[in-house]
Structure formats: structure tokens, C-alpha cells
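Please keep the sequence and the coordinates at hand while reading.

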Amino acid sequence: MGNLNKKYISPIVVGLGAGVLIIVPVIKGLGCCLLIPGAAIISLILEQKASNDYSKLEIKKGVIFGLITGVTAAIFGTAFDFIITLITHTNDLVVAFPQFLETLDNFPIDDAMRQEVISLLREVVESIKNYGFSPLYTLSVLFNNLFSNSIFGMLGGIIGVQILNSQNQKR
Amino acid sequence: MNLKIRITLFLLITFWVFGIFVEFFIPAQNYLVYIFPFLEGIYSTVCHQQPEKLIEINGHHTLVCTRCTGIYFGGLFSSFILLFVSIKNLNNANLILVASIPMLIDVALYSSGLYDYNRNIAFITGLFFGSAGIAYIYNGFKILRERDGKS
């Protein structure tokens, strides 16, 4: 168990870091969709440095490291988002809600349909404003983060292995 | 990598790219409004979605910034090409490193205030990176399949 923990310590640590960074607007603005793939690549680099093993990496290892990085970032990112929302009683959804209403108003759709979507979102926004928490919002953030971060992490891991193998060949 | 997997990957990327433009399809397919908040949430995890950086056509916006749209379009373009052409020798990282340079230079220059964010530059630099990136992802899948004894 100890060895297993040691083996995957770098994607967990980098995933934790990425989890923090994905909720920092400036960093997210710069890193955008490359933040999680980048984190997966960094986890592979750190693992190589820690083990001092620069032999050829398997793609499978990249996929596993990317997945762990993505899942860890998703869990911590959601947790940090949850805590901040709980303290401040506001978040991206609350801030973007008026803009969202404007967008929905511009759609040439049935009014009943529009009202259905608006009332669902309004409920979530009101819950966040009043209690700093909405179960639906938290669950959807967790699902979204797990879904996209794990996919982008694995893709980053696949690309990262090929970049690192190419660089290690030159050594 | 066999054709079935390449078609599956192409369809998945097409589906992902379609999601970016969901706002454009809502006037024609009203029921898409129900998945609109959900998709916006999904894409918000992989893009900052700053309003001034989104592509806007006839009052409708993409769900990701111009650069991300470029990256995904590049991926879609490459995955379409890779339906007909197979990757032979991609044993170094030169292609992806070269393809990422214009994007990194653009990010560095506009972030430092040397010029304002330009959608055309962001889209084109993203397109280069996405096109190269998908080739490495396909190559990775190919290596994985070969290791498993499948072609």
C-alpha cells in the first residue's frame, strides 16, 4: 500500500495544485483548456525526477497518471469551490445569472419552456445566495469536473508520454 | 488503428465541437435549451468563457473562447484527415512543440499588453495546436492498441 501511494504521489500532488488553480480566474484565463493536460504532463515529469528513472514511458502510465491528476483536481477543485461558495454566498453561476437570463430571453423559444429553465436555475441561485449551498449545483460541478478533467487529464498524459520519451531519447 | 475506432473518435470530437455551438442551434431545435445550462457547465470546466473572447455570430455565442474553439476545430480537422491517412512515424515531439509556439507567443504577447486580444490570431494559433495535438493522441491510441496485440 505504501509503495502504491508513493507511486502515485506526483499525480495526486499535482492534481491538488491544479484543483486550486482551476478556481483562480487569472490562472484559468491563461491556462484555459490546457491547465489539466499540462498538470498531467507535470505529474509525469515530477515522477521521473523523483524516481530518477528516465527510461521509456508507457502510454498506459500516461493515461493512469492523467486520470489520477484529473480526478484529484476535480475533487479538490469542487471542494474549494464548495467552501468558497459557502463562505461568500456567491459564485460564477450567481454572477453570470443576469447574463444567462438575457441569453435565454434572446432565444426565439416557447415561453413555457423558457420559464421552466429559468425557474430551475433561479432556485439554485436563490439557494446559493441564501444558504451558500445548493445540492444540485454542487453535484453538477462535481460531475462536470470529474467528466472533463479526467478526459483532459488522460489526453494530456498520452501527449506528455510522447513528449517526454522524445526528450529522454535526446539525453 | 482500425477504421471503426477512428470513426468513433471522429464522431466523439464532432459531438464535442457541436456542443460548443449549441446556442446557435436552439432557435431551430428548441428542446436544446434544456441541455444548454448543463453544457455551459461542462465547458466552463475547460474554458474561462470570458465574454469578450467568445465567438459571436448574430447574437449567439460559442460556449468556449476563440482559442479553445480553434483547438477543437483543429482536432476535428485532423481527426477527419486521419480517417483516410494513418500515422506512420511520429516518434518525436517536434510537431507538437512547433505547433504550440505561435499559441504560446500570442498568449505571452497579449498578456503582457503588447497588443489586444485578437480573435483571428487566437483561432489560428489554436487551430495549429489542436491539429498537431490530435495526431499525438491518435498515435498514443495506436501504440496502446499495438501493445495489446490489436492493430
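What pLDDT does chain B average? In this predicted model, chain B averages a pLDDT of 92, and 98% of its residues score at least 70.

**Confidence**

- For the complex, the predictor gives an ipTM of 0.90 and a pTM of 0.91.
- Within chain B, confidence is lowest in helix H3 (residues 36-44), where the mean is 92.
- Confidence in chain B is highest in helix H4 (residues 66-81), at 96.

**Nonpolar cores**

- The largest nonpolar core has 66 residues, and Val33(B), Cys68(B) and Tyr72(B) have the most contacts inside it.
- Helix H7 (residues 111-131) of chain A supplies the largest share of this core, with 7 residues.
- A second, separate core of 9 residues includes Leu57(A), Ile59(A), Val63(A) and Phe65(A).
- Apart from residues up to four places away in sequence, Val33(B) touches Leu104(A), Phe107(A), Ile109(A), Met113(A) and Val117(A), together with Ile26(B).
- Cys68(B) is buried, its relative accessible area being 1%.

**Helix H2 of chain A**

- Helix H2 of chain A covers residues 9-21; at 1.5 Å a residue, these 13 residues should span 18 Å, which agrees with the 18 Å between its end C-alpha atoms.
- Ser10(A), Pro11(A), Val14(A), Gly15(A), Ala18(A) and Gly19(A) are buried in H2(A).
- Viewed down the axis of H2(A), the buried residues lie within an arc of 165°, so they line one face of the helix.

**Cysteines and the setting of Cys65(B)**

- The structure holds 0 disulfides over all chains.
- Cys65(B) is in no disulfide, and the nearest cysteine sulfur, that of Cys47(B), is 3.6 Å away; a disulfide requires the two sulfur atoms to be within 2.5 Å.
- From C-alpha to C-alpha, Cys65(B) and Cys47(B) are 6.8 Å apart in space, while 18 residues separate them in sequence.
- Cys65(B) lies in strand S2 (residues 60-65) of chain B and is buried, with a relative accessible area of 2%.
- Leaving aside neighbours within four places in sequence, Cys65(B) is in contact with Cys32(A) and with Cys47(B), His48(B), Lys53(B), Leu54(B) and Tyr117(B).

How values were computed: Residues are numbered from 1 along each chain as its sequence is written. Chains are lettered from A and ligands numbered from 1 in the order in which they are written. This is a predicted model: local features need pLDDT of at least 70, side-chain atom pairs count only at pLDDT 80 or more; totals for chains, interfaces and linings use all residues. Side-chain values use heavy atoms; hydrogens and water are left out. Buried means under 20% relative accessible area, exposed over 50%, partly exposed in between (1.4 Å probe, protein chains only). Helices (H or I, at least four residues) and strands (E, at least two) are DSSP runs, numbered from the N terminus. The expected span of a helix is 1.5 Å times one less than its number of residues. The arc is that of the directions from the helix axis to the C-beta atoms. pLDDT is the predictor's confidence in each residue, from 0 to 100. A nonpolar core is a set of buried Ala, Val, Leu, Ile, Met, Phe, Trp, Tyr and Cys residues joined through side-chain atoms within 4.5 Å. Contact means heavy atoms within 4.5 Å.
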